[in-house]
Amino acid sequence: MIVVRAHDILCPFCFQRWSTSVAAFRCTGTDTNRCKPKPDEKLGKLRGTDPPKEAPVTVCNGRFGQAFTVKKGRPVRCSQCNAPTRPVCPNCHSNLPQRFAEAPSRSMALIGTRAAGKTHFIAVVLHELEHRIGPKFKGSLMALNEQTRTRIDTDFRQRLFKDGQMLTQTASARDNAATREPLVTRLSLGAKHSNLVFFDAAGEDLNSLDILERQGRYITQSDGLILLLDPLQIEAVQDDLEGSIPLPDATTDVYMMLGRLTVMLREARGIPAGKPIDVPLAIAISKVDALRGVLADNHPVFTAERHDGMFKPGVARNISESLRADAVGWVGERLDSFLKQEFTSYCFFGVSALGESPQGDKLRNGISPHRVEDPVLWMLHQWGALPK
Amino acid sequence: MSFAQAYHTSCREGLAGFSGFQMNAATPALTREQLSSLSAAHARYDPPRDMPYEPTKEEMRRFPVALRASVVDGVGPVVSRTEYVGREYRRFDGQPDEGRYGNYFCHLLVGDDGASAFDGLLGIELWDAPHWTTDESSQRTLPELDHLTPGPLNVDAVLDEVARAPAGVMEGLITGAQAALDGGPPLIIVDVDPNRAPVWIAFVNYCLPPDLSAQLTFSTFEGRPRDIFDLNVIVTTPACDPGAGGSPSRVDVTQATTPSDVPLYARVIRAIVTDGGDALSRAVRPVTGRDRHERGASLAIYAERADLIADDDVPVTLRCLRDMGARGDIERAAETVAKLATSEAADRAAVCDWFELHLSARRSAVDGARDLAGATLARLVPVLDALPADARAASGDLRAVPSVSGLGAWLRALEGAADPPMRARLVRDATRLSLLSHNVPVDQRVAAVIADDLGTAEMDAAVDDIAGTAGLSHIITTLAVTLAEQAPTSPRARAGLVPLARYPAAQRTLQDRAAEVGTFDAHMTWQRVRVALDPACRRDAARALIPLIADDGARAQLRELWGPEGPRTQNDLFELVNAYVEAGRPIPEADKERAFQGLMSDPLPTKMPPRDHIGWTLAKLPLEERRRPELYAWAAYTTRPPDRPLADWCDRAAKALAADERTVPNDRWVELITIVAKTLVEHRRDFEFPVAISKFESLPDSDEELCVRMGHVMQEALRRAKDPLMSAAQEFEHWQRQPRLRLTELVLPTAFERLSQRDVEDIWEILQTRSATRADEWERWTRRHPRRSTRDKVGRVFGRGTGRKKGGGV
């Protein structure tokens, strides 16, 4: 007999944790006479609307954290009409991805300045994990819900990989439900299974503390943070590159963004000042392909070996040290001290999702990513989710 | 009135202070929080997936426009128009736009909180209105709009377009929108042609009553319709539609469907939509209702399409009609009920609703209430048996009387009912529904029906209900009159009057009627009831009736006061006779004969009988009727001398003694002769004694018996005397002076039977001292009547008790 201990699950919609000792299931029957829809207060609260009329939810309690586990030959049926059910979050009644409670969930929030390449980064990382990194680690990546599958297949793969078109800008999470929607996948590497939940964000949202507080709950509740820095928006880099490539006109104060982030994390997690935040922070410097003229040709970010089939901490450390030194040079010494003071673990990465700067909105040579998987693998390593 | 406005787009400069999506400009009256709420609720655009990634200006015109209307918390009613504009940084100086694609321009307009939020225009009527723009503002502030001009939408054009839609679309639109308004999921309309989106929305708007139409929230385009929860109606394109199978909240306007169950509202709209916009507007304007079912019923009523109301719609229709009646529009309610073509099974299922509607009509005083009450009653009658027993009785101030048609329906049902229990139930229902006492002919017919069944447990209970209901006493009255009229010829009516007479109203009616009509039958009916209630008043009842008797039939009926067979007991008969006598009317011969016979059935009085004894009554008969041995015998004690002259008394006693055995039975004869003997002995010294005693001489054999009994009386008297011998001597002297020696010879032997020889001698000596002649006579007499032996005396003693009459004695 396999005994599974109860573990906490983070709902990717309401960001509340609950124990797998409790499970909730919504009736999927269509006979509204037998099973009348009734106002779902919890779902209405999540959506910010009047309680929608939905099929009733049955709550189960299971021993050993097995409440969500379907017993052989005894699927969970609606207590009223005996129709099949689907699992939902006990707190907000959102539909949970399939088999979501079976493996530990790790959520990664991606933050960064506007036009830093966050959406492109996620799109390419998911593609790489599914098609290249996964197989090399004897594993696979699988989308756990329809929304994720649709977004990967329709928005990312078709547009980016097949049509070579740049992705459109991301709307604010406040205005667009799609932005608030997580990308939920299961990464299986050897015997290790992890639910990876990615949260994209609009750059504008990170400029507004108001939006961050209201819509950015996923950031404070995530198990890891990937801060994507667009070096082309840094004045020092722009000075070095001026005239060689088209540069964005927006610039962002990195310290202001990091400051807002740390304040929010400390408040949300109740971490007192003076104690570092124990959430791994991957500082990914994006668009490194555009820095070939700025960084040395033998910079580790260009020359270090790849993590093929095994994560190599030494390589990551080497690259991180080099990039940290570069970043300090670009934005000042206090970046280093700030990170040491505020975060338990952090690491610098150099990534390029597209591999080259687009011409207009098109990619001339298709997608050729560079070390885009490094922050995710480091994060998995930090969590102990990589096979040894 | 003026309207605040705001622009939201991705731009380099706006109210946020950074580049990207933000409020580009806004009316200063809008606060930061309001702007934040506005952008959260309205500013979004997800392009259809089948549109180009990098559209040209020409291609962008094919992108659907999202006209949204909703109420934003903290702001009020808002209508916005969102259009896809391509790149994030637009140039207005003739240079190409810059930045990434995915930008949109949202123009927001804030309406007034009042009923007329947008100058009296519906949100959808602002489609293509001239004030909309997609140009960013170079200024951060926008002026308020003073006036709104509607777009080109036209009701009739909308209706024409919808009429051309495939089958089922119209019904789907109306049903889905109403479900959404009632708290259901948003209605998602899928149309390949985004330019028709306002048509569908407008159609839904025009089909709703004004208050609901103003509440309808919508969007003419959403790229992710399944993620929208706060709007009622959403239009999208097939490329954005994830498909929902047969979900009731989705309508593909290009696909014909055959919905199995089209709600009433949609059926009515389908029926009236061809009449044009004005007709539609008139029909929906007064529609009310808490949900789509009630609104459907309301629409069917106001559109005068009661013919479309199906069985399932009956309960909700009735509730609507009740509300309508409460608002005073009762004539329309009555017309609707009259046109309802639903089945009896539906009426049965909704019997409580019918009942409530009927009551509401009855409580109304406005014109038409009578018709509604009648119409509802006509529907209610066939299903009254389904009305729960605990249904509230029609109480309170019922002002409206059901129309004749309604009452007629009930009356026909009552008169046509198959059996008494069913009729009784209908009567009880009529009491519950307060159908009685509104129409005299109806009440009379009801009374006739009740009269037929009175006496059955069910109908008696129904009459109990009537009697217990205030204001229905006249039904009891009518019933009493009806039965009273039938009573002379109908035993059932007479039987029915008995239970009815429990009610004071019935008693008063019968009594008054008897007094008014004055006939024997009327009085007989009343008195019969009276006696049934209190048998002790038979005599009074009979006394009241006897003066009215005109024939033998009446006499026979009078006798029925004591039961179907007349008086059966002595007392019953005496009551009857008494009544006749007291009324001063001749007693029927048979009853009189029975009375005299009855007089002789009891022992003759030996003390004064009570004043109500039949003997006294008979004694009051006319002279020729009362000259009867029975009465003489009975009166022998009560009229003894000196109340009556001895000779006269003896004459009557002699006649009684002379009567045959059938007239004066043996027992009475013996009693009578004993009385006569005592009386004669008591009055033996009366000067009339010889005459009196002579009255008995004509009695064959009886005189001797009488003498013997007189002897016994004297014997007893002598035994009790203080000086028996002296008394005996005196008696001998007295009897010797009597002219009738035979009598002396018969009386004295018995009187002196107990004298001993010595007594004889002593008496001789006493007589000797008074008269030697008497002493000699005594000696001779004693020789003729020697003392008997002891054996003979014993034999006499035993022989006396045999009671044999006339010669059977000593």
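Me: Which residues is A:Glu128 in contact with, if I leave aside its neighbours within four places in sequence?
Reply: In this predicted model, A:Glu128 is in contact with A:Ile133, A:Gly134, A:Pro369, A:Val372 and A:Glu373.

Me: Where is the place of A:Glu128 in chain A?
Reply: A:Glu128 is in helix H2, residues 118-136.

Me: Buried or exposed?
Reply: A:Glu128 counts as buried because its relative accessibility is 9%, and the cut-off for buried is under 20%.

Me: Which residues are linked with A:Glu128 in a network of salt bridges?
Reply: The network links A:Glu128 with A:Arg132, A:Lys136, A:Arg306, A:Asp308 and A:Glu373.

Me: What about A:Arg132 and A:Asp308, how do their side chains meet?
Reply: They meet in a salt bridge, at 3.8 Å from N to O. A:Arg132 lies in helix H2 and A:Asp308 in the loop between helix H10 (300-303) and helix H11 (313-331), so the pair ties together parts of chain A that are 176 residues apart in sequence.

Me: And how accessible are A:Arg132 and A:Asp308?
Reply: A:Arg132 is partly exposed, with a relative accessible area of 21%. A:Asp308 is also partly exposed, at 39% relative accessibility.

Me: How many salt bridges over all chains?
Reply: The count is 65.

Me: Give me one in chain B. How do the side chains of B:Glu222 and B:Arg44 meet?
Reply: In a salt bridge, 3.0 Å from N to O. B:Glu222 is in the loop between strand E7 (218-219) and strand E8 (233-236), while B:Arg44 is in the loop between H1 and helix H2 (57-60) of chain B, so this pair ties together parts 178 residues apart in sequence. Both residues are buried.

Me: How far apart in helix H23 of chain B are B:Asp540 and B:Arg543?
Reply: They are 3 residues apart in that helix (residues 538-545), which means a separation of about one helical turn. B:Asp540 is partly exposed at 34% relative accessibility, and B:Arg543 is partly exposed with a relative accessible area of 31%.

Me: Changing topic to the interface. How many residues of chain B are in contact with chain A?
Reply: 32 residues of chain B are in contact with 31 residues of chain A. The two chains bury about 2,700 Å² between them, with 45% of that on carbon and sulfur atoms. On the chain B side, B:Tyr53, B:Arg100 and B:Phe229 lose the most area to chain A, together 26% of what that side buries.

Me: How many salt bridges across it, and how many residue pairs in polar contact?
Reply: The rule finds 0 salt bridges between chain B and chain A. There are 3 residue pairs in polar contact, both residues at pLDDT 80 or more.

Me: Which elements of chain B supply at least two residues of that side?
Reply: Strand E1 (4-11), strand E2 (20-26), helix H1 (32-42), strand E4 (76-89) and strand E5 (98-110) of chain B each do. E5(B) gives the largest share, 6 residues. The residues of this side divide into 9 nonpolar, 11 polar and 12 charged.

Me: What about B:Asp182, where is it found?
Reply: B:Asp182 is in the loop between helix H4 (169-181) and strand E6 (187-190) of chain B. Its relative accessibility is 16%, so B:Asp182 counts as buried. Neighbours within four places in sequence aside, B:Asp182 is in contact with A:Lys53 and, in its own chain, with B:Arg290, B:Asp291, B:Arg292 and B:Arg295.

Me: Back to chain A. How many residues of strand E14 are buried?
Reply: 5 of its 5 residues, 346-350, are buried. A:Tyr346, A:Phe348 and A:Gly350 point one way from E14(A), and A:Cys347 and A:Phe349 point the other way.

Me: How many bridges join strand E13 to it?
Reply: 5 bridges join strand E13 (residues 281-285) of chain A to E14(A), and the two strands run parallel. A:Ala284 has A:Phe349 in E14(A) as its bridge partner.

Me: Last one: how many helices and strands in chain A and chain B?
Reply: Chain A has 13 helices and 14 strands, whereas chain B has 38 helices and 9 strands. Of the 388 residues of chain A, 55% count as buried, and for the 810 residues in chain B the figure is 54%.

Key: Residues numbered from 1 in each chain as written. Chains lettered and ligands numbered in written order. Predicted model: local features only at pLDDT ≥ 70, side-chain atom pairs only at ≥ 80, totals over all residues. Heavy atoms only, no water. Contact = heavy atoms within 4.5 Å. Buried area = accessible area lost by both parts, 1.4 Å probe. Salt bridge = Lys/Arg side-chain N within 4 Å of Asp/Glu carboxyl O. Polar contact = N/O pair within 3.5 Å; in protein donor to acceptor, adjacent residues only side chain to side chain. Helix = DSSP H or I, 4+ residues; strand = E, 2+ residues; numbered from the N terminus. Nonpolar A, V, L, I, M, F, W, Y, C, P; charged D, E, K, R; others polar. Buried < 20%, exposed > 50% of the residue type's maximum accessible area, 1.4 Å probe, protein only. Pairing = 2+ DSSP bridges.
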